Amino acid sequence: MQPEDLVRDHTIYACVMGSRAFGLATAASDTDRRGVFLAPTPLFWRFEKPPAHVEGPGEEQFSWELERFCELALRGNPNILECLHSPLVERVDDTGRELLSLRGAFLSRQVHGTFTRYALGQRRKLDADVRTTGAPRWKHAMHLLRLLTTARDLLRTGALRIDVGDEREALLAVRRGEVPWAEVEARMARLASATEEALRGTPLPAEPDRARVADFLFRVRRASAAAPAGLPAPGTAQAAR
């Protein structure tokens, strides 16, 4: 089975990410598509295992195999967690709906470390741009402010919301380069401080619910192994409802 067949025939969840999901799209924005596919269990009984991820087949499309996706989500990977919370779902089946019902199981105080490390990496790139060219890449500055806001609010409320809502115009002004870099830096500093404060009172648990996720994955793999020959294995995608 070719990798693109896994995406086409066994996707359990697919969504739009990037600026469109964040509420920051402009006329020039790409449509970034992300998804999760369930490789049929018998494929793991071969020497050559199914891929952990697949790029394509469409433009700006990237998908993870379910187990890899769950592993990354349990580690608090920001991109994966945000994918689970996209407001723009394009495809989902019963297995995908159960995955979405587990969103809370993946969240824990570990997100403070993962979001913070990711933000620091992006900040270093911005600082390098400023040293080299005298200005940051404003689109990246906008997205870093968005990420810091998301992390602060997640720790405050225990819920992950990725649409920027009424922050849209202020963030787009940063993208257009209308806000001085010094002011953007000050915003970043305030958000970082607020995130640290939010961590002290966060309602999030210390660890994700690994047992609940492991039970889900076991049941899905077992059902796939038991699927009658010639019938679609669990995970065959349907249109979102």
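A charge is taken to sit over a ring if NZ of Lys or CZ of Arg is within 6 Å of the ring centre and within 35 degrees of the ring normal. Select Arg146 and Phe22 to begin: the charged end of Arg146 sits over the ring of Phe22, 3.6 Å from its centre.

The model on display is predicted, so local features need pLDDT of at least 70 and side-chain atom pairs count only at pLDDT 80 or more, whereas totals for chains, interfaces and linings use all residues. Residues are numbered from 1 along each chain as its sequence is written, and side-chain values use heavy atoms, with hydrogens and water left out.

**Stop 1: Ser19**

Select Ser19, which lies in helix 2 (residues 19–22); helices (H or I, at least four residues) and strands (E, at least two) are DSSP runs numbered from the N terminus. Ser19 has a relative accessibility of 9% and therefore counts as buried (buried means under 20% relative accessible area, exposed over 50% and partly exposed in between, with a 1.4 Å probe and protein chains only). Apart from residues up to four places away in sequence, Ser19 touches Leu24, Ala25, Ser29, His143 and Arg175, contact meaning heavy atoms within 4.5 Å.

**Stop 2: the loop between strands 3 and 4**

Move to Pro57, in the loop between strand 3 (53–55) and strand 4 (61–65). The peptide bond leading from Gly56 to Pro57 is cis, with omega near 5 degrees. Glu60 is found in the loop between strand 3 and strand 4 as well. Its phi is near 55 degrees, a positive value in a residue other than glycine. Because its relative accessibility is 42%, Glu60 counts as partly exposed.

**Stop 3: the aromatic residues**

Show the rings of Phe62, Trp64 and Phe69, which form one aromatic cluster. Rings of Phe, Tyr and Trp (its six-membered ring) pair if their centres lie within 6.5 Å; planes under 30 degrees apart count as stacked, over 60 as edge-to-face and the rest as tilted. Three aromatic pairs are found in the whole structure. One of them joins Phe62 and Trp64 edge-to-face, at 5.1 Å centre to centre with 65 degrees between the planes. Trp64 counts as buried because its relative accessibility is 11%.

**Stop 4: helix 7 against helix 8**

Select helix 7 (residues 110–133) and helix 8 (residues 138–157), which pack at an angle of about 165 degrees with their axes 10 Å apart. Axes are lines fitted to C-alpha atoms, for helices over the stretch in contact, and angles run from 0 to 180 degrees between N-to-C directions.

**Stop 5: Asp127**

Staying in helix 7, select Asp127. At 24% relative accessibility, Asp127 counts as partly exposed. Leaving aside neighbours within four places in sequence, Asp127 contacts Trp181 and Glu185. The C-alpha atoms of Asp127 and Gly58, 69 residues apart along the chain, are separated by 34 Å.

**Stop 6: helix 8 against helix 10**

Finally, display helix 8 with helix 10 (residues 181–200): the angle is about 20 degrees and the axes are 8 Å apart. Helix 8 is therefore roughly parallel to helix 10. The residues that meet include Trp138, Leu145 and Arg152 in helix 8, and Trp181, Met188 and Leu191 in helix 10.

Terms used:
Parallel < 35°, antiparallel > 145°, perpendicular 65-115°, else oblique.
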